[in-house]
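Visitor: I am new to this structure and would like a close look at one part of it. Could you take me to the aromatic rings and charged side chains and tell me what sits beside what?

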Amino acid sequence: MKFSEVDSEIPEWIFRHLRLYGNCCCGRDIVKKIGKEEIINILKNKGYNCILRIVPDNKFHPPKRRTKYPVNAYYILEIECIVRRYYI
């Protein structure tokens, strides 16, 4: 699969939400189709330095077995930013 083919699979709304809000909750299907590392690399090449967090739906009842792409989870893309503190 060429890079341009994968690039067209990322929906435009993901880029828009990252630009406006700094984060985006994308679905399991998008992450599973493209891949965890590949979606991070594509976004990094586009200028979005992101991390992907997979948060379980219910933290008190974790899944019985560990899977690569859990069904009941939130897939959150967040832009990494450097937090600077200024003391006055």
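Guide: Happy to; we will start at the aromatic rings and then move on to the charged side chains. Please keep in mind that this is a predicted model.

The structure holds 1 aromatic pair. Its partners are Phe15 and Tyr48, with ring centres 5.9 Å apart. Their planes meet at 35 degrees; planes under 30 degrees apart would count as stacked and those over 60 as edge-to-face, so this pair is tilted. Phe15 belongs to helix H2, residues 12–21, while Tyr48 is found in the loop between helix H4 (36–45) and S2. The pair therefore ties together parts that are 33 residues apart in sequence. Both Phe15 and Tyr48 are buried.

The charged end of Lys46 sits over the ring of Phe15, 5.9 Å from its centre. Another ring has a lysine of its own: Lys36 lies over the face of Tyr69, 5.5 Å from the ring centre.

Now for charges that meet each other. The count here is 1 salt bridge, formed by Glu78 and Arg53, whose closest N and O atoms are 3.1 Å apart. This link also joins distant parts of the chain: Glu78 is in strand S3 (residues 73–79) and Arg53 in strand S2 (residues 50–56), 25 residues apart.

How values were computed:
Residues are numbered from 1 along each chain as its sequence is written. This is a predicted model: local features need pLDDT of at least 70, side-chain atom pairs count only at pLDDT 80 or more; totals for chains, interfaces and linings use all residues. Side-chain values use heavy atoms; hydrogens and water are left out. A salt bridge is a side-chain nitrogen of Lys or Arg within 4 Å of a carboxyl oxygen of Asp or Glu. Helices (H or I, at least four residues) and strands (E, at least two) are DSSP runs, numbered from the N terminus. Rings of Phe, Tyr and Trp (its six-membered ring) pair if their centres lie within 6.5 Å; planes under 30 degrees apart count as stacked, over 60 as edge-to-face and the rest as tilted. Buried means under 20% relative accessible area, exposed over 50%, partly exposed in between (1.4 Å probe, protein chains only). A charge sits over a ring if NZ of Lys or CZ of Arg is within 6 Å of the ring centre and within 35 degrees of the ring normal.
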